[in-house]
Amino acid sequence: MGRKRLQAILFGPQGCGKGTQGQLLSDRFGIPLFGSGDMFRAEIEANTPLGSLVKEYVARGMLAPDEVVNAIFKKRLKEIVSEKGFLLEGYPRNVDQAESLDRLVKINLAIHIKISDEEAVKRLMGRRQCVFCRSIFHIEEAPSALPGRCALCGHPLIKREDDREDIIRQRLVAYHFMTEPMAAYYRKQGVLLVVNGAQPIPFLFEELIRKMARLGFVA
Ligand SMILES: [Zn+2]
């Protein structure tokens, strides 16, 4: 009783571990985690007009415009907002989207996972993905038990096409320009929580849980 309902978003640069932390938080708090990718996929599979718009942008390697993304989120809000709360990852991705989200539902925790560009590059360059089950390993931090192969299903591990240094750096520039200003936006609202992403997964999770507890979010 008296437990605060979590209505949270999670953001940080690629490679900061937000997907993993999101999953851990979702399990710990028993709340659904929604990634923007899941929302897009669901919309595309449902063959809606919004879905086909997204599909066009994705096919051209572009980000869907804010209006489209906001419209999709608004439509799926009912599925997202559960009694216990929710956790969003990948949406919002800029201040305009954050403002749109605010008009629909109040965010009471914005988790910002920070890592340096150098750390992000190092992590992404060492990433290897299973061609079959898409599990992700890291040559140093989380090596597969089977050299060169997926420890879960035995299929080969490959370096993803977009895990190239020039592409990673371009994406980091875009992140600093587009997404990072959300930190100031949420700080002004008094809901920003910053954690250090440059530490092993369990330590990062520990820091997150400890800081959340101080704010009254207890699993
Ligand atoms: Zn696999």
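Start by selecting Val131, Phe132 and Ile158: together they make a nonpolar surface patch with about 290 Å² of accessible area. A patch here takes residues with over 30% relative accessible area and no salt bridge, joining nonpolar side chains (Val, Leu, Ile, Met, Phe, Trp, Tyr) within 5 Å and like charges within 9 Å. Areas come from the Shrake-Rupley method with a 1.4 Å probe, and for residues only the protein chains shown count as cover.

Before you move on, note that this is a predicted model, in which local features need pLDDT of at least 70 and side-chain atom pairs count only at pLDDT 80 or more, while totals for chains, interfaces and linings use all residues. Residues are numbered from 1 along each chain as its sequence is written, and side-chain values use heavy atoms, with hydrogens and water left out.

Now zoom in on Ile158, which sits in strand S7 (residues 157–158). Strands (E, at least two residues) and helices (H or I, at least four) are DSSP runs numbered from the N terminus.

**Next stop: the zinc ion**

Select the zinc ion and show its protein donors: the SG atoms of Cys130, Cys133, Cys150 and Cys153, lying 2.3 Å from it. Donors are N, O and S atoms within 2.8 Å of the metal (3.2 Å for Na, K and Ca); water is not among the atoms, so sites may look incomplete. The spacing of these donor residues in sequence is C-x2-C-x16-C-x2-C. Cys133 is in the loop between strand S5 (127–130) and strand S6 (136–138), and Cys153 is in the loop between S6 and S7, so this pair ties together parts that are 20 residues apart in sequence.

What is the geometry of the zinc site? The site is tetrahedral, with angles of 100 to 119 degrees among its four donor atoms. Four donors count as tetrahedral if all angles lie between 85 and 135 degrees; four count as square planar and six as octahedral if opposite donors are over 155 degrees apart and all others between 65 and 115, and anything else is irregular. Color by accessibility and you will find Cys133 partly exposed at 32% and Cys153 partly exposed at 30%.

While you are here, click on Arg134, in the loop between S5 and S6. Its phi is near 70 degrees, a positive value in a residue other than glycine, and at 57% relative accessibility Arg134 counts as exposed. Most residues other than glycine have a negative phi, and most peptide bonds are trans.

**Salt bridges**

Across the whole structure, a search finds 15 salt bridges, each being a side-chain nitrogen of Lys or Arg within 4 Å of a carboxyl oxygen of Asp or Glu. Select Asp163 and Arg160, whose side chains meet in one of them (3.8 Å, N to O). Asp163 is buried, with a relative accessible area of 0%, whereas Arg160 is partly exposed at 24%.

Then go to helix H2, where Asp38 and Arg41 lie three residues apart, about one turn of the helix. Their side chains meet in a salt bridge (3.1 Å, N to O). Asp38 is partly exposed at 40%, and Arg41 is partly exposed at 47%.

**Into the core**

Show the largest nonpolar core, which has 30 residues; Ile9, Phe11, Phe73, Leu88, Leu101 and Tyr186 have the most contacts inside it. Such a core is a set of buried Ala, Val, Leu, Ile, Met, Phe, Trp, Tyr and Cys residues joined through side-chain atoms within 4.5 Å. Elements that give two or more residues to this core include strand S1 (6–11), helix H4 (66–80) and helix H8 (182–188). Which element gives the largest share? That is H4, with six residues.

**Two backbone details to finish**

Select Tyr91 and Pro92: the peptide bond between them is cis, with omega near -5 degrees. Pro92 is in the loop between S3 and H5. Last, pick Asn47 in the loop between H2 and H3, where phi is near 60 degrees, again positive in a residue other than glycine. Asn47 is exposed, at 65% relative accessibility.

Methods: Buried means under 20% relative accessible area, exposed over 50%, partly exposed in between (1.4 Å probe, protein chains only).
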